[in-house]
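Okay, thanks for coming, everyone.

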Amino acid sequence: MSEADQKVPLDAVHRRSGGQMVPFAGYSMPLHYGSIRGEHQAVRERAGLFDVSHMGEVNVRGAGALDFLQQLVTNDVSKLAPGRALYTVMCHPDGGIVDDLLVYRDEDGYMCVVNAARHDVDLDWMEQCRAGHDANLEDVSAGTVLLAVQGPRAMGIVQELSSGGDVSAIRYYHHRPGEVAGLPVRISRTGYTGEDGFELYADAGDAERLWTALLEAGSSAGLIPAGLGARDTLRLEAGFRLYGQDIGENTDPLSAGLGWVVKPAKGGFIGSDALAAIAPSPPRTFIGLKMGPREIPRHGHPIYHASRQVGEVTSGSFGFTVGAGLAMGYVEPEFASPGTELRVQLRADPEQWATAPVVALPFYQRPES
Amino acid sequence: MPDLTAYRYTKTHEWVKPEGSGEALVGISDHAQSQLGDVIFLELPKEGTAITAGARFGSVESVKAASDLYAPVSGEVLAVNGDVSASPELVNQDPQGRGWLIRVRVEGDLPNDLLDAAAYDSFAQADSH
């Protein structure tokens with residue numbers, strides 16, 4: 001751990017719980033508490049508790065908040081009613097992605113949740129774009145903890161600790177203020193695992209009480225702490241892009257398969273001209289590749305069709321639930337149809353390259369409950 | 001934790017444990033498995049393959065990365081642990097016991113540059129800092 005790594009409020013709790021702490025996005029974060037496989041399976045079958053307090057939270061308020069956000073992000077924030085959340089990206093004028101983020105709407109304004117690794121860049125960018133808008137920004141990251149309870153039993157666990165209403169009434173991508181374990185919390189029905197669950201935003205000072213109460217209430221249901229390792233294998237199975245790997249300043253949302261968050265009909269926004277120019281034929285297509293159980297693709301592995309390189313893996317690992325090596329990445333559009341057989345250069349020896357079909361994302365979808 | 005008196009270690013984090021009659025078990029250290037994280041699969045030599053001290057004899061692939069395995073001794077592979085092929089997580093759970101990888105017939109004496117458990121421990125600790 002370098003001295004520059006910041007500690008999350010639960011740092012000591014993670015260390016006491018056997019968390020293997022690793023540097024991530026400027027923070028010291030738990031990679032796992034013993035086994036990535038065990039934590040992955042717990043989330044799919046029971047429930048897992050993640051500390052993702054490294055994420056950044058920025059409040060946007062003021063009479064011009066909506067106009068500012070409509071300029072800043074690609075999705076249509078005017079459609080966002082109080083109590084709802086929206087996934088979007090914000091782009092540079094050239095269409096490159098500054099970050100992907102969630103926007104929450106309250107009665108009195110908006111909250112943007114951004115990636116930790118992009119926090120400083122995002123704030124600078126938002127500050128620049130704010131010029132001319134009657135909107136103010138308040139970075140509340142340091143005072144906020146974010147705990148994610150994910151898995152088929154997450155609902156029951158959060159319900160048991162909640163006072164003031166049925167949390168099952170909060171639909172997917174909705175949120176409301178509430179009380180969990182007697183602590184004031186924003187309860188959001190969102191997540192990054194492909195399972196049902198909640199993300200709970202709370203005051204940093206309440207972090208340990210909330211964490212402990214959740215683990216105690218959930219222990220009989222099989223809730224265990226889960227680290228960034230499982231978060232990564234879970235989100236890969238669920239087909240979620242990761243900023244810095246799958247998307248970044250050199251990728252545009254259309255090539256990344258995120259066209260559904262780009263809404264040209266709302267009017268001009270930063271990057272809208274560039275995206276309109278790209279839209280008829282994006283140069284690359286984001287795909288999934290499913291391999292055998294002994295073939296583990298990694299970030300940066302070249303993707304071939306016959307003897308020609310046609311793309312590159314941006315995220316790869318083993319999918320514990322799918323039981324196969326999984327890759328996401330970009331290829332030239334003509335090789336992106338599901339069923340197309342591509343080869344991934346896993347190792348220098350061509351005999352050990354994997355042949356894999358393009359498959360539709362996500363790799364994993366939870367069973368209907 | 002098994003009695004480690006008989007175990008000898010390489011600086012590449014494999015161990016060898018003599019089993020009598022010139023046979024020995026080979027595996028990876030507890031330090032190695034904890035650095036690797038969850039093992040997904042192992043590429044191991046077939047029965048009858050000759051291995052050479054210091055040379056690659058297989059690989060271990062974890063969630064994090066693929067790493068080569070280096071033979072602590074020279075000899076012939078007598079058996080591959082079918083349990084770890086079927087359940088690679090055994091290597092994480094019990095790396096110096098049920099998570100052994102191959103049984104070998106050792107050619108000659110153990111190389112004299114192998115470390116005993118105490119010396120390996122100091123080496124591994126220094127290595128991870």
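**A walk through chains B and A**

Let's begin in chain B, where strand S3, residues 23–28, pairs with strand S9 in the antiparallel sense, over 4 bridges. Before I go on, keep in mind that this is a predicted model.

So what sits across from Leu25(B)? Its bridge partner in S9(B) is Arg103(B). S9(B) has another neighbor too: strand S8 of chain B, residues 75–80, pairs with S9(B) over 5 bridges, again antiparallel. There, Ala79(B) has Arg103(B) as its bridge partner. Now look at the two faces of S9(B), which covers residues 102–106. Ile102(B), Val104(B) and Val106(B) are on the covered face, while Arg103(B) and Arg105(B) are on the uncovered one.

Next, the place where the chains meet. Chain A puts 9 residues into the contact and chain B puts in 8. On the chain B side, strand S4 (39–43) and helix H3 (89–93) each supply at least two residues. How does that side divide by residue type? You get 3 nonpolar, 2 polar and 3 charged.

Okay, over to chain A. There are 369 residues here, and 48% of them are buried. In secondary structure terms, chain A has 8 helices and 21 strands. Its C-alpha trace spans about 60 × 50 × 45 Å along the principal axes. The radius of gyration is 21 Å, and a compact globule with 369 residues would come out near 21 Å, so the two agree. If you take contacts between residues at least 6 apart in sequence, 64% of those in chain A join residues at least 24 apart.

Now the barrel. Which strands close it? There are 6 of them in chain A, in the order S16-S19-S18-S17-S20-S21, with antiparallel pairing. From one strand to the next, the twist averages 40°. Helix H7 of chain A, residues 228–237, packs on the sheet and touches strands S18 (308–319) and S19 (324–331). The direction of H7 makes about 125° with that of S18(A).

If you want to find the spot where S16 meets S21 in chain A, look for residues 285–290 and 354–359, joined by 2 bridges. Gly288(A) stands opposite Val359(A) there.

Last stop is helix H5 of chain A, residues 154–161. Its buried residues are Ala154(A), Met155(A), Ile157(A), Val158(A) and Leu161(A). Why do they line one face of the helix? Looking down the axis of H5(A), they fall within an arc of 165°, so one face is what they line.

How values were computed: Residues numbered from 1 in each chain as written. Chains lettered and ligands numbered in written order. Predicted model: local features only at pLDDT ≥ 70, side-chain atom pairs only at ≥ 80, totals over all residues. Pairing = 2+ DSSP bridges. Axes fitted to C-alpha atoms, helices over the stretch in contact; angles between N-to-C directions. Contact = placed C-beta atoms within 7 Å. Buried ≥ 20, exposed ≤ 12 C-beta atoms within 10 Å, placed from the backbone. Arc of directions from axis to C-beta. Rg over C-alpha atoms; globule rule 2.2 N^0.38 Å. Nonpolar A, V, L, I, M, F, W, Y, C, P; charged D, E, K, R; others polar.
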